[in-house]
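Good morning, and thank you for joining this meeting.

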Amino acid sequence: MLLVRMRFLQLLSRKPGKLEMLFQIPFCQKQFPYMCLATSACLCSKKKKTNSYEQVDQEKYKNLVYSVTSYKTSAQTPETILEEDNLLYGPPDKQRPPVKAETKTPKNCVPLINPNKRIPLLNSDSNLPMKIALQKTKMPSVTRILQQTISPQQAFYLERWKQKMILELGKDGFAEYTKTLESIFLSEEMATKEQREDVAISGYLSSVQHVLKDISEVKALESAVQHETLQYLGLVDCVAKYRGRLCVIDWKTSEKPKPSLKNTFDNPLQVAAYIGAINHDANYDFQVSCGLIVVAYKNGSPAHPHFMDPDLCSQYWNKWLLRLEEYMDKN
């Protein structure tokens, strides 16, 4: 205690004119014996400094401080972060123009429609659909090109879909479904009783019944196509008229509803690739400018037909060319 008093006297000696504070010591010792030095030090100091934090609108930041100090781990969500950003910095500027994504242009701009292809006035055997067998060559297939250039997310969903379909239908199930569709298109062939009674196949057939009513003049079924300039090939499900317009038709199956074209992933690119191949394949004496993707459902619910007009096919054709270039660069 003696040392404390000596220190106190030293402080007073450095501040002349403050001896009147000594008369406050007895009072401090009685009431607050250990607070006397702190009080005296404050009185001996110069003008009290103002705390910058006292000028902050504490009510405004109360929620923010509470959220930080109340939890050991962060309990923030995207919504709360957005609210805090708006509180601190104000709402975002909605008048700022959006950043446009860079659009790529194919290096090899081969047109979708072949300007050099001659179409005969009368086609021979026009009532019989073409069915060209797929030959094994070194050319990559449309399916292979798309599979090797898909995004990781698309690859995950595609593999999961394949495994599920194999478990439900088996490897030969989808082939049987395709043969059943062929038997409907070809008047001289009829589906067998076993095929009609099969639960899975009959569900898909019931699903597409309302679409089949709008299809006529079948020109090709399960027929190979080859783009002679771009050097790729594929197997077209069907080429026929849908509501009076000649289309490349691609049949797809799904358990989940796909009411819009964007739900079909890369299927529009596949259709566009087949259209371009047909138009540049000398085996076909016609050209196609439209596409149709039909998504059939196992439970028999009405299938979703997604029609692709010439403009939309041209857009997906350019995207297909970019994917083809990506494949060629990798290989």
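I begin with E326 and K330, which both lie in helix α13, four residues apart, or about one turn of the helix. Helices here are DSSP runs of H or I with at least four residues, strands are runs of E with at least two, and both are numbered from the N terminus. E326 and K330 form a salt bridge, with their closest N and O atoms 3.4 Å apart; the term denotes a side-chain nitrogen of Lys or Arg within 4 Å of a carboxyl oxygen of Asp or Glu. E326 is partly exposed at a relative accessible area of 31%, and K330 is exposed at 54%. Buried means under 20% relative accessible area, exposed over 50%, and partly exposed in between, with a 1.4 Å probe and protein chains only.

Two remarks on the basis of these values are in order. This is a predicted model, in which local features need pLDDT of at least 70 and side-chain atom pairs count only at pLDDT 80 or more, while totals for chains, interfaces and linings use all residues. Residues are numbered from 1 along each chain as its sequence is written, and side-chain values use heavy atoms, with hydrogens and water left out.

The structure holds five salt bridges. Another of them joins D266 to R323, with the closest N and O atoms 2.9 Å apart. D266 lies in the loop between β3 (245–254) and α12, and R323 in helix α13, so the pair ties together parts that are 57 residues apart in sequence. Are these two residues buried or exposed? Both D266 and R323 are buried.

How do α12 and α13 meet, and at what angle do their axes cross? The axes of α12 (residues 267–279) and α13 (residues 310–330) come within 8 Å and cross at roughly 90°. Axes are lines fitted to C-alpha atoms, for helices over the stretch in contact, and angles run from 0 to 180 degrees between N-to-C directions. The two helices, α12 and α13, are therefore roughly perpendicular to each other, a term for angles of 65 to 115 degrees.

Finally, the chain as a whole. Its secondary structure comes to 13 helices and five strands. Of its 331 residues, 34% count as buried.

Definitions and conventions: Angles under 35 degrees count as roughly parallel, over 145 as roughly antiparallel, 65 to 115 as roughly perpendicular and the rest as oblique.
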